[in-house]
Amino acid sequence: TGSGGSGGGSIVVNSGLTGNITGSIGAIGLASVCATGSNGSSICTMTSVTGNFSLAALSAGTYTLSITPMVSLTGPHSISNVTVNVGQTTNLGVVTM
């Protein structure tokens, strides 16, 4: 896998062994969203203009999400212990920054 794009398309690698994380930052707008696994590897994407994000084809495990807004109306936000299960999507809903 590699860095995600704007969410226009998803690359699925070994879809039977991976899961996804979705969510939204609401009205804050564009932000960088990175998921870092316990092994230190990261995958990143950008939110859409409406604040939605999706990280696909993540190996099952526990991740820390780092959300960094492009406009400094609020500081970076971190969410620990986000669990990804095989074949499932972990929906974080609207993340309060």
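Q: What is the strand order in the open sheet of 3 strands?
A: In this predicted model, the order is 4-1-7, and the pairing is mixed.

Q: Which strands stand at the edges?
A: Strand 4 (52-59) and strand 7 (89-94) do; each has a single partner strand, so one side of each has no neighbour in the sheet. From one strand to the next, the twist averages 10 degrees.

Q: How many bridges join strand 1 to strand 4?
A: Strand 1 (residues 18-24) is joined to strand 4 by 6 bridges, and the two run antiparallel.

Q: Which residue stands opposite glycine 19 there?
A: Leucine 58 in strand 4 stands opposite glycine 19.

Q: And what does leucine 58 touch?
A: Leaving aside residues up to four places away in sequence, leucine 58 touches Leu17, Thr18, Gly19, Ile21, Ile43, Tyr63 and Val84.

Q: On to the largest nonpolar core: which residues touch the most other members?
A: Ile21, Leu55, Leu58, Leu65 and Ile67 do, out of 16 residues in that core. Two or more residues come from each of strand 2 (31-37), strand 4, strand 5 (61-69) and strand 6 (77-84).

Q: New topic: how many disulfides does a search of the whole structure find?
A: The search finds 1 disulfide. Cysteine 34 is joined to cysteine 44, with an S to S distance of 2.0 Å. Cysteine 34 lies in strand 2 and cysteine 44 in strand 3 (residues 42-46), 10 residues apart.

Q: Is the disulfide right-handed or left-handed?
A: The torsion about the S-S bond is about 110 degrees, so the disulfide is right-handed.

Q: Is cysteine 34 buried or exposed?
A: Cysteine 34 is buried, at a relative accessible area of 16%, whereas cysteine 44, at 22% relative accessibility, counts as partly exposed.

Technical notes
Residues are numbered from 1 along each chain as its sequence is written. This is a predicted model: local features need pLDDT of at least 70, side-chain atom pairs count only at pLDDT 80 or more; totals for chains, interfaces and linings use all residues. Side-chain values use heavy atoms; hydrogens and water are left out. Two strands pair if DSSP finds at least two bridges between them. Helices (H or I, at least four residues) and strands (E, at least two) are DSSP runs, numbered from the N terminus. Axes are lines fitted to C-alpha atoms, for helices over the stretch in contact, and angles run from 0 to 180 degrees between N-to-C directions. A nonpolar core is a set of buried Ala, Val, Leu, Ile, Met, Phe, Trp, Tyr and Cys residues joined through side-chain atoms within 4.5 Å. Buried means under 20% relative accessible area, exposed over 50%, partly exposed in between (1.4 Å probe, protein chains only). Contact means heavy atoms within 4.5 Å. A disulfide is a pair of cysteine sulfur atoms within 2.5 Å.
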